[in-house]
Amino acid sequence: MSSKKKKHFLGMPAPLGYVPGLGRGATGFTTRSDIGPARDANDPVDDRHAPPGKRTVGDQMKKSQQENDDEEDLNDSNYDEFNGYAGSLFSSGPYEKDDEEADAIYNAVDKRLDERRKDRREQREREEIEKYRMERPKIQQQFSDLKRKLVEVSEEEWLNIPEVGDARNKRQRNPRHEKLTPIPDSFLAKHMHGSSDQHNSVDPRQLKYGAGLTTPYPGTGLNTPFPGGMTPGLMTPGSGELDMRKIGQARNTLMDMRLSQVSDSVSGQTVVDPKGYLTDLNSMIPTYGGDINDIKKARLLLKSVRETNPHHPPAWIASARLEEVTGKLQVARNLIMKATEMCPKSEDVWLEAARLQPGDSAKAVVANAVRHLPQSVRVWIRAADLETELKAKKRVLRKALEQVPNSVRLWKAAVELEDPDDARILLSRAVECCPTSVELWLALARLETYENARRVLNKARENVPTDRHIWVTAAKLEEANGNTTMVDKIVDRAIASLRANGVEINRDQWIQDSEECDKAGSVATCQAIIRAVIGIGVEEEDRKHAWMEDAESCIVHSALECARAIYAYALQVFPSKKSVWLRAAYFEKNHGTRDSLEALLQRAVAHCPKAEVLWLMGAKSKWLAGDVPSARSILALAFQANPNSEEIWLAAIKLESENNEDERARRLLAKARSSAPTARVFMKSVKLEWVLENISRALDLCQEALHHYEQFPKLWMMKGQVFQQLENVEDARQSYSQGLKKCPQSAPLWLLLSRLEETAGQLTRARAILEKARLKNPQHPELWLESVRLEYRAGLKNIASTLMAKAMQECPNSGILWAEAIFLETRPQRKTKSVDALKKCEHDPHVLLAVGKLFWSERKITKAREWFLRTVKIDPDLGDAWGYFYKFELQHGTQEQQEEVMKRCENVEPRHGELWCQMSKDIKNWRKKPSEVLELVANKLTNTF
């Protein structure tokens with residue numbers, strides 16, 4: 001029974017790798033008895049005789065850890081790209097039997113490879129040794145030819161050769177530094193005329209004051225009674241006065257002697273060049289102006305970087321550039337050449353070496369770089385740049401293309417050096433090697449004929465289906481060859497194809513392409529692109545605003561056809577928008593022709609017949625062209641579309657009066673007064689009779705108008721001016737006074753009444769009127785300005801200045817007051833006042849005009865012209881600015897500049913300005929054109945500022 005219960009494996013050895021309990025999930029554990037008792041780091045070790053530093057458990061643990069760390073050197077300087085780290089990464093691991101077998105196999109392979117390469121290696125070593133000995137021969141090899149000539153020396157010549165010995169004298173054998181002591185000026189002066197201490201003449205002052213120590217200042221010196229006190233060292237001014245010029249000559253002679261002593265009398269050439277001596281000294285001055293300590297620190301840091309990681313190219317480049325900056329160019333070259341040995345695969349190192357080396361040496365460096373980096377495009381480009389001859393450049397670039405055939409940069413550089421025929425051949429090969437380069441495809445298409453260019457562009461679209469420039473070039477090609485019908489189709493296909501290939505249509509980029517087409521003369525392509533992309537990415541409610549901004553941007557960029565295309569598209573979408581038609585009309589007026597403007601206006605009035613300004617622009621265009629009947633017909637059509645329109649009535653009246661059709665103008669005015677009576681129609685009627693010198697009729701019409709429109713101040717002004725022309729001061733005063741009762745807010749009426757009283761000699765009354773006007777109209781700068789000028793004209797400059805100060809307090813931002821205040825100041829203070837004015841009113845045209853006049857008065861012509869240009873740009877409607885500008889150009893400008901100012905003034909037709917209104921509204925000048933009024937204003941102006 002006992003034998004049956006006994007297990008068969010009892011007493012047998014455990015199988016290999018057996019772990020008790022592993023099968024049922026038990027894990028092994030370690031008890032304290034397995035590892036020994038726990039020890040604290042400060043517990044002493046068992047060895048009682050342990051040396052210091054190893055007497056505790058913690059010390060021994062630190063020591064063992066340091067030894068393990070020292071075994072592995074994982075620094076970058078100890079790393080090799082092929083062999084890895086010099087030390088083994090796994091030295092701490094166990095060295096087993098399979099590791100030994102692997103090492104044996106590797107050693108056998110290395111030995112076998114070494115035997116195979118032994119012959120080639122030995123041959124290479126022999127060649128390197130021979131090359132080294134040829135470049136750096138020993139001294140005995142250098143004198144080998146002279147040794148061979150010794151066979152020709154006879155015995156007698158041999159015996160006559162002197163023994164080797166030191167033939168120098170004692171001073172040369174034992175050199176000592178020569179001690180030089182500067183000679184004082186007193187010593188040179190003492191021995192200038194001889195070494196005798198005796199005086200052959202008596203100082204005249206000694207005869208007068210007696211011998212002794214005398215100072216050169218009479219009355220303050222010490223006249224000693226001791227004779228003979230005048231020693232040679234203490235010389236008073238007299239016959240022994242120092243001659244510094246002779247001392248300087250003596251020093252120059254001494255320097256010349258020193259330089260002559262250093263000359264080599266054997267060869268005939270001096271070792272020291274006296275003329276270039278100072279030049280050489282200047283060349284030794286370091287060019288770097290920084291701190292020398294900073295240079296030393298930088299040099300030390302870079303040296304540390306190089307030694308720590310010798311294969312780090314930026315460290316070498318920085319070191320070389322540091323030496324270059326400090327003026328040590330040769331050191332920089334040596335460093336960078338060492339870098340090429342340590343980092344032969346670095347492109348930047350080779351390029352820096354080529355930059356630092358001179359001509360032929362740079363070529364050698366680049367040739368060496370090409371051997372190490374045959375695929376480097378930058379190195380090849382540098383090699384081509386170093387060549388001076390065109391043929392050599394071509395040869396280098398073709399070799400480069402053999403090595404790097406897919407480099408677009410190399411192909412472009414090679415093509416630029418060729419003539420068109422060879423360039424076409426090169427480009428045909430280039431697009432094969434670089435099929436994704438759009439620039440190469442387009443360049444080839446430009447050089448090909450029409451049919452071949454179409455094929456080239458088709459192939460380019462196949463290879464690069466996501467580039468828009470190919471499509472744009474195709475459209476330009478069709479337009480250039482007269483096939484304009486294909487342009488729109490190509491642009492539409494381009495948009496569809498690019499979208500199909502997942503390309504986002506960027507509206508701004510396409511508009512920029514259209515501007516480039518416009519500048520290149522491809523008008524049809526430009527317009528087709530605008531039509532295709534102008535509506536992309538714009539919200540429906542923002543279309544008008546966005547398109548007007550796009551048109552303005554194109555005008556700023558001088559892309560006029562693009563702007564015209566945008567306006568045309570906008571007018572198709574918004575045919576009834578008056579503002580769009582007006583913008584397009586102004587564009588054609590400023591940048592187009594008269595025919596294009598009239599054609600646009602015809603379409604505009606057809607779509608917007610109620611827009612009076614469009615009718616008037618069309619009529620004015622015809623009138624300026626001299627076609628008065630067409631202008632009348634346009635105004636007649638405008639009457640039909642806009643019956644009883646005041647603007648059209650007045651335009652028709654002006655057309656007739658300007659063309660000397662006075663009776664027709666009268667009939668039109670009478671008809672207008674009956675059908676569309678307004679204050680302006682009555683005013684034009686009064687003025688027409690006034691300028692035609694029908695004074696009584698003018699006064700009757702004026703009285704009739706005032707019966708209906710007594711709140712219209714211009715009628716009161718005209719009535720008073722008519723009486724002034726008749727020299728009827730009392731009626732004129734009464735007219736102005738009645739007008740002011742009805743229109744107390746009209747500043748021009750107050751000004752006319754004040755000037756009437758001033759003209760009549762009633763200065764106090766004029767002053768009172770202006771004060772009353774200021775009370776009725778507070779903070780009115782024109783009234784304050786007239787008050788200041790009234791006092792100034794009366795000669796009361798102090799009162800004028802006081803009034804100006806009050807005016808500036810009440811109207812601190814008035815440009816006309818600041819402009820007047822500048823010239824009320826004295827000349828030295830005007831510039832300061834102008835700066836204050838510009839701070840308060842930076843963009844006011846009156847202030848800008850005053851600053852221009854100020855520069856003009858100081859004869860700063862260029863600055864004055866700039867400020868006048870700025871003034872007429874900010875407010876082109878200010879006629880006084882044009883008058884001053886034209887007067888300035890008449891005095892300081894050329895004929896072209898004068899004509900330019902005149903032309904610009906005619907285009908803008910200014911209507912405002914104190915002096916301009918005075919001239920243009922004068923009855924004598926009622927039919928004069930803006931150019932004639934401009935001349936009158938310029939003649940009226942005087943340079944009183």
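This is a short walk through one protein chain, from the whole fold down to a few single residues.

Thanks for coming, everyone. What you see is a predicted model, where local features need pLDDT of at least 70, side-chain atom pairs count only at pLDDT 80 or more, and totals for chains, interfaces and linings use all residues. Residues are numbered from 1 along each chain as its sequence is written, and side-chain values use heavy atoms, with hydrogens and water left out.

Let's begin with the overall picture. The chain's secondary structure comes to 52 helices and two strands; here helices (H or I, at least four residues) and strands (E, at least two) are DSSP runs, numbered from the N terminus. Of the 945 residues, 34% are buried. For that word, buried means under 20% relative accessible area, exposed means over 50%, and partly exposed is in between, with a 1.4 Å probe and protein chains only. Among contacts with a separation of 6 or more, 48% are between residues 24 or more positions apart; a contact means heavy atoms within 4.5 Å.

Now for a pair of helices. Two packed helices are described by the angle between their axes and the distance between the axes. How do α15 and α16 pack, and at what angle? Helix α15, residues 313-325, and helix α16, residues 329-342, have axes 7 Å apart, at an angle of about 170°. Axes are lines fitted to C-alpha atoms, for helices over the stretch in contact, and angles run from 0 to 180 degrees between N-to-C directions. The two are therefore roughly antiparallel, a label for angles over 145 degrees. On the α15 side, the residues that meet α16 include Trp316, Ile317 and Ala320, and their partners in α16 include Leu335, Ile336 and Met342. Sorted by type, the residues of this contact are ten nonpolar, one polar and three charged. Nonpolar covers Ala, Val, Leu, Ile, Met, Phe, Trp, Tyr, Cys and Pro; charged covers Asp, Glu, Lys and Arg; the others, Gly among them, are polar.

Next, please find helix α52, residues 930-940. Its buried residues are Ser931, Val933, Leu934, Val937 and Ala938. Seen down the axis of α52, they fall within an arc of 160°, so they line one face of the helix; the arc is that of the directions from the helix axis to the C-beta atoms. An α-helix has 3.6 residues a turn, so residues three or four places apart point the same way. The buried residues of α52 pack against α49, α50 and α51.

Finally, some single residues. Is aspartate 550 buried or exposed? Aspartate 550, in helix α29, counts as buried at 14% relative accessibility. Leaving out residues up to four places away in sequence, aspartate 550 touches Arg507, Ile511, Ile534 and Ile566.

Serine 746 sits in the loop between α40 and α41 and is buried, at 9% relative accessible area.

Glutamate 693, in the loop between α37 and α38, has a positive phi of about 65° although it is not a glycine, and counts as exposed at 68% relative accessibility. Glutamate 909, in the loop between α50 and α51, has a positive phi of about 50° and is partly exposed, at 23%.

Technical notes
Angles under 35 degrees count as roughly parallel, over 145 as roughly antiparallel, 65 to 115 as roughly perpendicular and the rest as oblique.
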